[in-house]
Amino acid sequence: MDEEEIEKAVVAYLKKKGFKQTELAFQEEQQLNKNTNSRLDPDITKKILSFSEFETGPERYQEEYSKLRSWAYSSLDLYKHELLRVLYPVFIHCFMELVARGHIQEARAFFDSYREDHEMMHLRDLQKLEGVLSPSHLKEMEFAHSIRLSKVNIKMCQYSYDLLLQYLHKTESITMLGIINERINFQVSPGQPGSISDDAEVVTLVGSGPDASLLNQKEIHWGLLEDSLEERLEKTGGMVPDSEKFDGDPKEGEVDENKKKSVEGGKQGASLKKQKKDKVGVATGKSSRTEGSTVTTAPRVKSELALPAIPAEVEHSILEDLRNRVQLSNVALPSVSFYTFVNTHNGLNCASISHDGSLVAGGFSDSSLKVWDMAKLGQQTGPSFLQGETDSPSSEHVLGSSGGRRCYTLFQGHSGPVYSASFSPYGDFLLSSSSDSTIRLWSTRLNANLVCYKGHNYPVWDVQFSPVGHYFASCSHDRTARIWSMDRIQPLRIMAGHLSDVDCVQWHANCNYIATGSSDKTVRLWDVQSGDCVRIFIGHRSMILSLAMSPDGRYMASGDEDGTVMMWDLSSGRCITPLVGHSSCVWSLAFSGEGSLLASGSADCTVKLWDVTTSTKAPLKEENKPGINNRLRSLKTLPTKATPVYALRFSRRNLLFAAGAFSKGA
């Protein structure tokens with residue numbers, strides 16, 4: 001075979017790629033080699049020529065991917081599920097390579113031919129990539145751009161990895177080999193293949209940098225704060241159940257079991273709501289407080305933030321609530337009080353409930369924020385429900401067709417839709433965030449705006465007060481989360497690292513960490529003092545919409561757009577178990593006061609209660625075994641008639657509050 005042909009092929013390739021220095025070095029080497037009678041290995045010669053031939057041929061992508069797919073599906077069952085993991089990232093990058101080279105028609109044909117293979121697991125990704133129709137789209141579309149910049153992490157055993165390499169070399173699938181080398185980072189483990197049930201964790205397309213495993217080795221101090229109110233209460237006599245006091249409590253004993261709604265014509269549609277007294281103590285008084293209370297056994301840590309002082313009367317009130325807390329378990333479920341917004345005309349974006357359930361806030365698309373006082377609603381003679389429409393913006397009181405007065409306080413100041421609201425732990429302040437890129441602090445006592453915080457450059461999706469008040473965290477479309485204090489108009493810390501929108505934020509129980517959930521399908525844990533990312537949690541297959549921390553600070557729950565909830569161990573960074581049951585977005589999560597139950601609220605119009613204690617008490621020996629499946633047990637599903645669940649909150653006495661907007665089409 002003529003060596004000049006090979007030389008020309010290599011030089012042409014280097015010129016095409018713009019490797020000028022490499023081209024010069026190659027030519028110099030060729031000049032030196034002319035003085036010797038060295039000859040190239042025939043196999044290498046063949047590969048170089050074949051590589052130069054198909055460099056411009058789009059049909060090679062289709063041909064080689066088809067062969068790789070057939071080989072993977074015909075592999076031994078023991079290794080098949082690991083080998084099939086390679087197909088999706090190779091499919092995506094073949095498609096984008098064809099688009100980048102300008103072969104648009106071939107790219108569309110390739111995409112349409114094999115998309116059905118991946119729709120079950122990656123439907124949302126495929127729907128986004130359908131819009132890629134030209135090379136410029138690869139740069140302009142955030143999702144596609146982030147995929148091309150990052151490597152995919154894939155876990156597989158050593159034997160599966162060897163099988164794959166042998167196949168690629170034997171069949172001379174140089175196109176597939178190039179994509180796999182450039183785009184995939186294999187995490188090879190010795191021994192037998194992993195369990196097929198682990199597939200949620202082993203392939204992550206976006207957001208998994210090579211440093212994720214190193215980050216997750218950092219030490220996490222997940223305990224509770226020293227000298228917390230719970231610890232003080234234990235020292236002064238412990239939490240002794242007193243269910244009789246609970247029966248007589250007028251504020252927390254009311255439970256909205258069945259909301260019988262009748263919708264009348266026009267804007268003046270009315271809704272009737274029946275409330276019943278719930279004998280909370282009867283079911284819950286049987287279980288002891290020491291059993292199942294994970295908070296008492298949690299280690300104590302020092303706060304990295306200067307904590308605000310708690311007023312004496314507020315401290316007394318909180319201690320009284322903790323003293324009268326009902327102990328929940330898998331046999332003693334909470335009472336639920338559901339607040340339903342009606343006549344919102346799809347204008348309600350978010351809802352928030354104060355810690356004692358006495359105040360409910362709603363953020364609306366017309367840039368307004370409204371707060372209802374439940375005590376005032378209870379005093380009215382007319383039907384008691386939350387009115388969302390704004391017939392009279394200047395007045396706090398709006399009259400409906402039934403003549404019943406519906407009281408709310410109107411807060412105006414934002415210049416765009418309000419996306420999040422958060423009450424301070426004591427209910428005296430309220431935060432709101434908006435598409436106008438600002439966060440506003442309101443006083444619920446003065447009914448006035450106190451501060452407007454500016455720092456984010458794009459819409460602020462979520463804002464949350466810390467468990468001790470004073471500090472708060474926000475997250476935005478600008479891919480950052482920020483920590484603020486009420487007395488400063490500039491952020492104290494900026495957390496950057498997510499590859500897409502940061503959609504939700506949640507404080508750790510000891511205030512030393514915050515967690516953020518993103519559209520890049522990852523959750524990150526950040527150190528508040530340093531601003532560094534200390535954990536990356538990988539496993540979700542769609543954007544994360546909600547987060548919750550267990551009261552002892554050891555576990556975290558995250559909910560996504562597909563309806564999956566995942567429980568994570570903060571120490572190891574591992575997923576303990578996925579919670580499968582919701583059929584739509586999980587918008588809200590909340591742990592009970594002692595941490596034995598998890599409540600999840602979804603767009604599928606249900607609230608689900610999960611047994612946390614059973615799964616997290618798995619034996620330590622079994623914890624690290626591959627394939628062990630400790631799924632949380634679903635204790636109860638509480639359906640609403642047609643109300644997607646926007647917000648959940650366990651009160652300090654363990655009554656569960658929920659809120660949502662009645663939707664005719666739900």
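In the predicted model, Gln-464 has its place in strand E20, which spans residues 460-465. Its side chain makes a polar contact with the side chain of Asp-462, at 3.3 Å. When neighbours within four places in sequence are left aside, Gln-464 is in contact with Ser-422, Phe-472, Ala-473, Val-505 and Trp-507. Ile-483, which lies 19 residues from Gln-464 along the chain, has its C-alpha atom separated from that of Gln-464 by 9.7 Å.

A further residue examined in detail is Glu-64, which is found in helix H4, a run covering residues 59-73. The relative accessible area of Glu-64 is 3%, and because buried residues are those under 20%, Glu-64 is classed as buried. A polar atom of the Glu-64 side chain lies 3.1 Å from the backbone nitrogen of Thr-175. With residues up to four places away in sequence not counted, Glu-64 touches Glu-172, Ser-173, Ile-174, Thr-175 and Met-176.

Two packed helices are described by the angle between their axes together with the distance between the axes. For H4 and helix H12, the latter comprising residues 174-183, the angle is about 80° and the axes are 8 Å apart. H4 is therefore roughly perpendicular to H12, since angles of 65 to 115 degrees fall in that class. On the H4 side the contact is made by Arg-60, Tyr-61, Glu-64, Tyr-65 and Leu-68, while H12 contributes Ile-174, Thr-175, Met-176 and Ile-179.

In soluble globular proteins, nonpolar side chains tend to be buried together. The largest nonpolar core of the model has 41 residues, and of these Val-86, Val-90, Phe-91, Phe-95 and Leu-129 touch the most other members. Helix H6, which runs over residues 87-100, gives the most to this core, with 10 residues. The surroundings of Leu-129 were also examined: not counting residues up to four places away in sequence, Leu-129 touches Ile-92, Phe-95, Met-96, Arg-108, Phe-111, Phe-143 and Ala-144.

Conventions. Residues numbered from 1 in each chain as written. Predicted model: local features only at pLDDT ≥ 70, side-chain atom pairs only at ≥ 80, totals over all residues. Heavy atoms only, no water. Core = buried A, V, L, I, M, F, W, Y, C linked by side-chain atoms within 4.5 Å. Buried < 20%, exposed > 50% of the residue type's maximum accessible area, 1.4 Å probe, protein only. Helix = DSSP H or I, 4+ residues; strand = E, 2+ residues; numbered from the N terminus. Contact = heavy atoms within 4.5 Å. Polar contact = N/O pair within 3.5 Å; in protein donor to acceptor, adjacent residues only side chain to side chain. Axes fitted to C-alpha atoms, helices over the stretch in contact; angles between N-to-C directions. Parallel < 35°, antiparallel > 145°, perpendicular 65-115°, else oblique.
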